[in-house]
Each structure stands twice: as C-alpha cells, then as structure tokens.
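The sequence and structure come before the text.

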Number of protein chains: 2
Amino acid sequence: MPRFFIRKDQIIDTDGTKTVHITGDDAHHISRSLRMAAGEKIEVSDMQRMLYECELVEFLEKEVVARVLSERCSDVEPVCEITLYQALPKGDKMETVIQKSIECGAFKIIPFKSERSIVKIDKKDEEKKRARWQKIAEGAAKQSGRAIIPEIGPIMSFEEAIENACKSSLVLLCYEAEDKVSIKDALRNVKIEKTISVIIGSEGGFSEKEAQLAISKGAKSVTLGKRILRTETASSFVLACIAYETEL
Amino acid sequence: MPRFFIRKDQIIDTDGTKTVHITGDDAHHISRSLRMAAGEKIEVSDMQRMLYECELVEFLEKEVVARVLSERCSDVEPVCEITLYQALPKGDKMETVIQKSIECGAFKIIPFKSERSIVKIDKKDEEKKRARWQKIAEGAAKQSGRAIIPEIGPIMSFEEAIENACKSSLVLLCYEAEDKVSIKDALRNVKIEKTISVIIGSEGGFSEKEAQLAISKGAKSVTLGKRILRTETASSFVLACIAYETEL
C-alpha cells in the first residue's frame, strides 16, 4: 500500500467520519503517476505516531480525498526516547550523522561545540544550517519508515549540552579514555520507556576537563570497545546497541 | 607512542635479538617529521595480530632500525571471525560499507551480485575495483587500530556467495520480509570463537527466491527491527549487534 505523509490539519472530522485531504505533489502522484482510482487504498502517516488506512473516494482538480477506514499507533518507534548530542564534526559529516542516526532510531539530535571541534559555524549561518539539517532529518525519517520527524535542536555550547543531556534518566558519554565500563554494562539496567542521552565527541574526542565536567553532572562514561570508531560511525553503533538491548 | 605498520619480513632475528627495519615514508616520518632520537620508543604492528614495542637504535640514510623490547598479541580483534557478504550497492556505497564495517570489526568482506543489484561491473574492471577496495580496507584497518588488514574477496555470484557463507558456523541473512526471528534471537546462542557470515542485500533487498535458496542452504533469516535501514547502514548495525553480544 503506498504511504503518504500529511499534516494533522489535513484530516477533517465530519460527525465522526474522518477524511484526509491530499494536495500538491502527493495528489498529483496518486492520480497521475500511480493512476489510482476511487476504492483503492493508501496509508497515511501524520508523522506524530499515527497511521491511517484510507480508501480513495474523490478526485478533485487539485485535491484527492480519502476516507479513513482505520487508525493505529505506529509500532516502529524505539521504546526509549534517545537524544543524540553530537559534537560538531568536520565537513558535511553532520549530515551523515543525522541521516544514519535517524534510521537507527534517534528521537532528537542536538549538535554542540566542544573544545576539539574544528568546525566553526557563524552565529548568522546557524539557522540556515539547522534548516538544512532538519530537511535531511525529514527525508531520513520518511525513508526509514519512522512515525515521527526527529527534531534537530539548536547548536549548543558544551555546557548547555551537558546541562540538557543530564535531564535524561540515563546519560551515556562515549569517552575513548574509558576502559572499564562498557556501553553494555551501562545499558543492562535500563528499564523500558526511559529517556536516554548519548553524547559523542568530534574527531578529537573530549578533553579530560570536558569528560570530568560531564561525569560530575551525572553522565556515565562508557567505552564502545577496543577499536577506534570514527565520530560518524559512533552514533549508529550506539543506537544499534540500544536497539539490541531494548527492542530486538 | 607512535604506531607504524610493517611487513613481517622487516623484522630480522639475529641470535634471538629482533630488530625492525623501517624504510620509505615511515623512516622519513620518524626522523624528520617526528624528529625522534635513539632511545625513544615506537609501537610496530605486523597487521597479523602481533604488536611490538621497540626502541629506536640506529638512523641510517634511508632506514631507521629499532630493537624489539617486547611483543604481544593484539586484543582488539573480535572474538568471532565475521565475514560480511554485501550485495553490490549503487554508486560508491561499497566504499562506505568497507570503511564502516572494518571499523566495526569485519574480518573479511565479499561483494556479490544479486537479482536486485543495479550496479554492473565489467569482468575486466573487477580486479581494478577490488584493488581499490583493498586499499580502502587497509586505510580503515590502520585508522581504527585493527590488528589485521581484512581481505576484500573477489566479486561472487549469489550462488557462490551463499555456498561460501554457509561454511560458517552461523549464517545470518538480513531479510526484510522476516518478521519473527530477530538478530538477537539468532545471536543469543553463539559461542565465542566461532565464524559468522552476515549476508546483506543491495538497495532492493533479496527476492523471495534468493531468500529461500539461502535458507535451504542453512542461512538463518533475521530481522534488524522495524525501521528500514539503508544497505550501507545495515552492515555496521549488524556488526555493532555482534560486538554487543559477544565482546562488550
């Protein structure tokens, strides 16, 4: 069944009968490219966790109307809400990080500046950057069948990021100097439906001072094993570990 | 301690005293760039699992000689030998797959053709491609601190790949139509020091016919969860799961 993404206000409830009003490219796609007809079925996601099975009922000039047959909450979202705090990496690697971590289940991604981040983003370019990242997030969410569009937060300072991250019930600092506690040790006691923050450094990792500050605020420093992972590999590795422990 | 990579024949054993003979760029790097002096220490890897702690003893015209102080077997290699069978993906994604899966612990990578592989590589270009992939493998192995250089096998047909893969003690077919057995179910009973084959499809996944053939030969079809992973994300996801289950 073809799937389309809509905003919640495209669903109209008339005396208990819900209809979905599809316009723009999607309407064109349904009627012209797919050549669908009244009576055929589509699935619609509101990207706020709900999925609607619909039957096409009307083809207007610039709109396709579908009647909602049934609705259900999507089951693709991870049991934990995982926020990824990613220190700004070099070049366009942030885009790779966003794309891959959304496939692997991140709920929210917050870029931050760390001592060893080489990339400098001008204050005036930040919003433009963020808008671009949000667009990548949207594409990745749709492509991987997510039921929400993960938000890309504003770029934070290291201190702000730690402050925010430490509000979660579990805070994992991926720290290369850690050689005792593995991510598995830290995850083994996670109860489901918790919030998890994952903090990942840029190419140079974290300074000892940064690590100490994070730990003093409540972060658990963990190792991802004996091989050195690139910063853009670390986030998917951690998200796979969390999925393995809590979902699979 | 700076680390250098050598071939085994660069180590000379004279009456029980081993010396390492470093030439070329590395010799230049030690004497000119790092400006190291006799008495300083380096670590040398033979990329065949052995690490040597050495003391610099002699600086010749085009060679640096170091005396081996101690040697040990590296402990960074996974407990299982994991061979990744990757159906040829589009564009230069095979390069990403090689780089990421070597960071994540792959022992060997074998590209293969599947029904839904779009990429066609001419027989005459295969060896050139493979040489390029092997070079990427070498770089990734060194960068991630591996103790071996994983081999990139020749491009196989689907049937050859399955035949080969099924010689391992555990054969995982990542199959999107699988909805019962998860990779965790399949890994839970793995004993350490086994060989594992991981088979991953190209963008379009596997046809039912291919999946049936693999299963009939002994592969276990597994799901990686409810979100759709791109082919270049799947390999690192699986390798992270294996590391989580067997190493961390």
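## Helices H2 and H7 of chain A

In this predicted model, H2(A) and H7(A), the latter spanning residues 231–246, have axes that come within 9 Å and cross at roughly 10°. Angles under 35 degrees count as roughly parallel, so H2(A) and H7(A) are roughly parallel to each other. The crossing of H2(A) past H7(A) is right-handed.

On the H2(A) side, the contact is made by Lys93(A), Val97(A), Lys100(A) and Ser101(A). H7(A) contributes Glu232(A), Ser235(A), Ser236(A) and Leu239(A). Sorted by class, the residues of this contact are two nonpolar, three polar and three charged.

## Helices H2 and H3 of chain A

H2(A), residues 93–103, also packs against H3(A), residues 123–143: their axes come within 9 Å and cross at roughly 30°. That angle is also under 35 degrees, and H2(A) and H3(A) are therefore roughly parallel to each other. Here too H2(A) passes its partner, H3(A), in a right-handed crossing.

The residues that H2(A) brings to this contact are Met94(A), Glu95(A), Ile98(A), Gln99(A), Ile102(A) and Glu103(A). From H3(A) come Arg132(A), Trp133(A), Ile136(A), Ala137(A), Ala140(A), Ala141(A) and Gln143(A). Eight residues of the contact between H2(A) and H3(A) are nonpolar, two are polar and three are charged.

## Interface between chains A and B

How much area is buried between chain B and chain A? The value is about 3300 Å², and carbon and sulfur atoms give 55% of it. In terms of residues, 36 of chain B are in contact with 36 of chain A.

Three residues stand out on the chain B side: Arg227(B), Tyr244(B) and Leu248(B) supply 27% of the area that chain B buries against chain A, more than any other three residues.

## Ser168 of chain B

Ser168(B) sits in a loop of chain B, with helix H4 (158–165) on one side and strand S10 (170–174) on the other. Is Ser168(B) buried or exposed? Its relative accessible area is 15%; buried means under 20%, so Ser168(B) is buried.

Which residues is Ser168(B) in contact with, leaving aside its neighbours within four places in sequence? They are Thr195(B), Ile196(B) and Ser197(B).

How values were computed
Residues numbered from 1 in each chain as written. Chains lettered and ligands numbered in written order. Predicted model: local features only at pLDDT ≥ 70, side-chain atom pairs only at ≥ 80, totals over all residues. Heavy atoms only, no water. Helix = DSSP H or I, 4+ residues; strand = E, 2+ residues; numbered from the N terminus. Buried < 20%, exposed > 50% of the residue type's maximum accessible area, 1.4 Å probe, protein only. Contact = heavy atoms within 4.5 Å. Axes fitted to C-alpha atoms, helices over the stretch in contact; angles between N-to-C directions. Parallel < 35°, antiparallel > 145°, perpendicular 65-115°, else oblique. Left-handed = near helix turned anticlockwise from the far one by under 90°. Nonpolar A, V, L, I, M, F, W, Y, C, P; charged D, E, K, R; others polar. Buried area = accessible area lost by both parts, 1.4 Å probe.
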